[in-house]
Amino acid sequence: MITNPSFTTEEIILCERLRALRMSGMADAFETQLQNPNTDLASFMERFSEIVNHEWQIRYDKKFNRFLKQAHLRYPNADLDQTIYDPARKLDTTSIERLATCHWIDEGKNLLVTGMTSSGKTYLSNALCISALRQLKTVRYIRANTLMLELEQARLKSSYLEYVTALTRLDLLAIDDFGLMELDLDKCRDLFEVIDGRDGRRSTILISQFPVRSWFDLFHDHTYADACLARITDKRHSYRIEMNGISMRETEK
């Protein structure tokens, strides 16, 4: 119950009803305006916009933070800062800027990020994941070995279908360290199930220190190699970023 003596009965009732409707952000903004002696200098539209935008921002921030937590990013504060323009990094900054708009995710296309160790592949990929999260797209970052392990555990727990379905529904799935895992027949099959379920509908980032041309040899079963790579690497359905510039670890020293 509001007890501020400067508020009229009607103003108090309105604030309480906003809170009852779970619009506490609007109520807080309205109370702030009521306490400001200069509020009447603003137009009705300015005052109303401020109240609504305050509520919207609170709800957006809550949803963004929830999606960010669920994404399990390695670098949750990653950002496309000025370092991407360093000539020594040899980056295609125009393409990176376009990727940050996330239109490719709306189109269900993939992104292949390859390059030398310590070139900043994971950080850049996480920054693009955050660009998607800011548009309130669902994202999951996972290392390839962990993905294979979780798929195996899901099969043992009889929750394989539910786990794969959850992955296929994500707007963006980022798989890191692709190639640093054994792809025996079972793992080839698991990877195919994930990729096939997302093909043409949802976007996937594959991050690897191995060049794309060598990916075929990572698969023990060449039938699955053909099936997976046809869905991942086709130029009509995927974009590529190569990172072969300076080591970012060296620049941090």
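**A walk through the sheet and its surroundings**

In strand β3, L172, A174 and D176 point one way while L173 and I175 point the other way, and all of them are buried. The model is a predicted one, in which local features need pLDDT of at least 70 and side-chain atom pairs count only at pLDDT 80 or more, whereas totals for chains, interfaces and linings use all residues. Residues are numbered from 1 along each chain as its sequence is written, and side-chain values use heavy atoms, with hydrogens and water left out. Buried here means under 20% relative accessible area, exposed means over 50%, and partly exposed lies in between, with a 1.4 Å probe and protein chains only. Helices (H or I, at least four residues) and strands (E, at least two) are DSSP runs, numbered from the N terminus.

Strand β3 covers residues 172–176, and five of its five residues are buried. It belongs to an open sheet of five strands in the order β2-β3-β4-β1-β5, with parallel pairing; two strands pair if DSSP finds at least two bridges between them. On one side, strand β2 (residues 139–143) runs parallel to β3 and is joined to it by five bridges, and within this pairing I142 has I175 as its bridge partner.

The next topic is the packing of nonpolar residues. In soluble globular proteins, nonpolar side chains tend to be buried together. The largest nonpolar core in this model has 32 residues, and those with the most contacts inside it are L147, L151, F178, L183, L191, W215 and F219; such a core is a set of buried Ala, Val, Leu, Ile, Met, Phe, Trp, Tyr and Cys residues joined through side-chain atoms within 4.5 Å. At least two residues of this core come from each of α7 (144–156), α8 (160–169), β3, α9 and α10 (222–232). A second, separate core has 31 residues, including A71, A78, W104 and A174. Returning to L151, and not counting residues up to four places away in sequence, one finds that it touches Y160, Y163, V164, D190 and V194, with contact meaning heavy atoms within 4.5 Å.

Helix α10 has A225, A227, C228, L229 and I232 among its buried residues, and the buried residues of this helix pack against β1, α9, β4 and β5. Its N-terminal end is capped by D221, whose side chain places an oxygen 2.9 Å from the backbone nitrogen of T223. This is a polar contact, that is, a pair of N or O atoms within 3.5 Å; within protein, one must be able to donate a hydrogen and the other to accept it, and residues adjacent in sequence count only if both atoms are side-chain atoms.

The side chain of Q33 reaches the backbone oxygen of R47 at 2.9 Å, and, leaving aside neighbours within four places in sequence, Q33 is in contact with T39, R47, E50 and I51.

Finally, the loops deserve a look. Most residues other than glycine have a negative phi, and most peptide bonds are trans. R22, however, is not a glycine and has a positive phi near 60 degrees; it lies in the loop between α1 (9–20) and α2 and is exposed at 71% relative accessibility. S158, likewise not a glycine, has a positive phi of about 60 degrees; it is found in the loop between α7 and α8 and is exposed, with a relative accessible area of 64%.
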